[in-house]
Amino acid sequence: MSAHAAPTTRVALTDLAAKKAAREPIVMVTAYDHPSAQIVEAAGVDVVLVGDSAAMTVLGYDSTVPVTVDEMLTLTRAVRRGLSRPLLVGDLPFGSYEASDAVAIATAQRFVKEAGCDLVKIERGGTSVDRARALVQAGIPVVGHIGLTPQSVAALGGYRAQGRTAEAALALRDEAIALQAAGCSLLVIEAVPSEVAEMIVAALEIPVIGIGAGGGVDGQVLVFHDLLGIYDGPPAKFVKRYADLRGAMVDGVAAYTRDVREGSYPAPEHEYRMSEGESARLREALGSAR
């Protein structure tokens, strides 16, 4: 068996609760297409998030705000086709759930019915608590997301850590408690001081997944392109890069470019050839046609 052989039993929400109870860390990672889904499946992660971070990592937008529901559904369907074991979470993009409970339910139902999501994720507390409650009552499991919420980055003053004062930390705890009371199955907390994350974990019964929230949470999530070094630009403080695939990709394409220009690719071993008999017949046919 490969050292990277993954478990084969499909993950259930109850498994995540059991991991929390046993203090066994939960592993979540993003994926945005079929190949990345197959990779994270093979690596044995527990939860896969098709995050609206795809707006920046895959689609070339400068923030998560412009990405549309249809774009997210296309990516999520591709990921679904590459997964069999992990839970699949679909990120509801900005503008697709805030207006009303009815709008939120209609959007979330598309992610479940059309893309095969097991859960959907929404950002912020406040009115999002009402949306979470409505989704849960409609039978759709929900992941909450507080702290640095990229859909609200302008209102938050940029990509910066949240909850750095006592008052702000307590407000985050209250949001977390409200989202749990609304029925959320999981909570993501992003870019908050470690002691704030630990306070929130202590206040909740549901699993808490951190990104830039220290090691005192129930699990971790990172962006696929960040942890593998595919996305260009400096990583966030909380990112650990486990590979430099962008560099390897550039090197590979540069080597191909050089070989084509020098005439060393394709080599004979890359070519298809006719049998000698058929080649002779072709030459004969060409000769008689002249």
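Is Tyr-256 buried, partly exposed or exposed? Tyr-256 is partly exposed, because its relative accessibility is 48%, where buried means under 20% relative accessible area, exposed over 50% and partly exposed in between (1.4 Å probe, protein chains only). The model is predicted, so local features need pLDDT of at least 70 and side-chain atom pairs count only at pLDDT 80 or more, while totals for chains, interfaces and linings use all residues. Residues are numbered from 1 along each chain as its sequence is written, and side-chain values use heavy atoms, with hydrogens and water left out.

**View 1. The aromatic pair of Tyr-256 and Tyr-265.** The structure holds one aromatic pair. The ring centres of Tyr-256 and Tyr-265 are 6.0 Å apart and the planes stand at 65°, so the pair is edge-to-face; rings of Phe, Tyr and Trp (its six-membered ring) pair if their centres lie within 6.5 Å, and planes under 30 degrees apart count as stacked, over 60 as edge-to-face and the rest as tilted. Tyr-265, with 38% relative accessibility, is partly exposed.

**View 2. Val-260 in helix α11.** Val-260 belongs to helix α11, which covers residues 245-262 (helices are DSSP runs of H or I with at least four residues, strands runs of E with at least two, numbered from the N terminus). At 40% relative accessibility, Val-260 counts as partly exposed.
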